[in-house]
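Please read the numbered points alongside the sequence and the coordinates.

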Amino acid sequence: MHKPIIIPFLLTVFVSLSLTTGCGPEATLDTSDKETFINSISQTWAVDEGSYVLIEDQDITHLLTGFEIAIDEDLNFVTNSDQLTLEEFPWPTSGSFDLNDEFTELTRDDGLVVIVAIGDDGESLEFGFEADENTTSRTLGIRGGWKVRLNKKP
């Protein structure tokens, strides 16, 4: 008497499996979080309208309008910091970053640790770092806590 119940049950299982694993469209392969993060910051970013640069919460954006940083897929960067008039700016004209495992910190090749976040819209990049006498930057930095919001350059 149990055979009539088992056959419809097995048939239902096989039909269900074939429907869920059947010939539907292939799913797009998801890239790793690290690759996605690096791709999202591999842009040219600039201090422009809507950006800000704060040192110890004092707004100095007007002094750095026009600053640009281009980051590539290998986390190398180039800037136009040599063209700025602000002395003691803590960004060399080129260098590289290492990314931590949580994708929240970039460590510049001279040791400066930069807290980094991408804006919700993907159009802004926020940096935070502490420039002090222990910073081993290749260029001097105006001392204090920096908060920077850069916008993606079109």
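How does K153 count by relative accessibility: buried, partly exposed or exposed? With a relative accessibility of 37%, K153 counts as partly exposed. The points below place this residue in its setting.

1. Confidence of the model. The structure is a predicted model. The mean pLDDT of the protein chain is 78, and 71% of the residues reach at least 70. Among the elements, strand β1 (residues 44-46) has the highest mean pLDDT, 97, whereas helix α1 (residues 3-20) has the lowest, 43.

2. Overall composition. The protein chain contains three helices and 10 strands. Their order along the sequence is α-α-β-β-β-α-β-β-β-β-β-β-β. Of the 154 residues, 35% are buried. Among contacts between residues at least 6 apart in sequence, 48% join residues at least 24 apart. The chain exposes about 10000 Å², of which carbon and sulfur atoms supply 55%.

3. Strand β4 and its two faces. In strand β4 (residues 68-71) the side chains alternate.

4. Pairing of strand β4. On one side of the description stands β1, which pairs with β4 in the antiparallel sense over three bridges; T44 stands opposite A70 in β4. Strand β5 (residues 76-79) also runs antiparallel to β4, and three bridges join the two. Here T79 in β5 is the bridge partner of I69. The hairpin of β4 and β5 has four residues between the strands, and L75 takes a positive phi near 65 degrees.

5. The salt bridge of E68 and K153. The structure holds four salt bridges. In one of them, E68 joins K153, with the closest N and O atoms 2.4 Å apart. E68 belongs to strand β4 and K153 to the segment after β10, so this pair ties together parts that are 85 residues apart in sequence.

6. The salt bridge of K147 and D57. The side chains of these residues meet at 3.3 Å, N to O. K147 lies in strand β10 (residues 144-152) and D57 in the loop between β2 (52-55) and β3 (58-59); the pair links distant parts of the chain, 90 residues apart. The two partners fall into separate accessibility classes: K147 is partly exposed, with a relative accessible area of 43%, and D57 is exposed, with 58%.

7. The salt bridge of E123 and K152. The side chains of E123 and K152 meet at 3.7 Å, N to O. Since E123 lies in the loop between β8 (113-118) and β9 (124-131) and K152 in strand β10, the pair ties together parts that are 29 residues apart in sequence. Both residues are partly exposed: E123 has a relative accessibility of 39%, and K152 has a relative accessible area of 25%.

Technical notes:
Residues numbered from 1 in each chain as written. Predicted model: local features only at pLDDT ≥ 70, side-chain atom pairs only at ≥ 80, totals over all residues. Heavy atoms only, no water. pLDDT = per-residue confidence, 0-100. Buried < 20%, exposed > 50% of the residue type's maximum accessible area, 1.4 Å probe, protein only. Contact = heavy atoms within 4.5 Å. Areas by Shrake-Rupley, 256 points an atom, 1.4 Å probe, with all protein chains shown as cover. Pairing = 2+ DSSP bridges.
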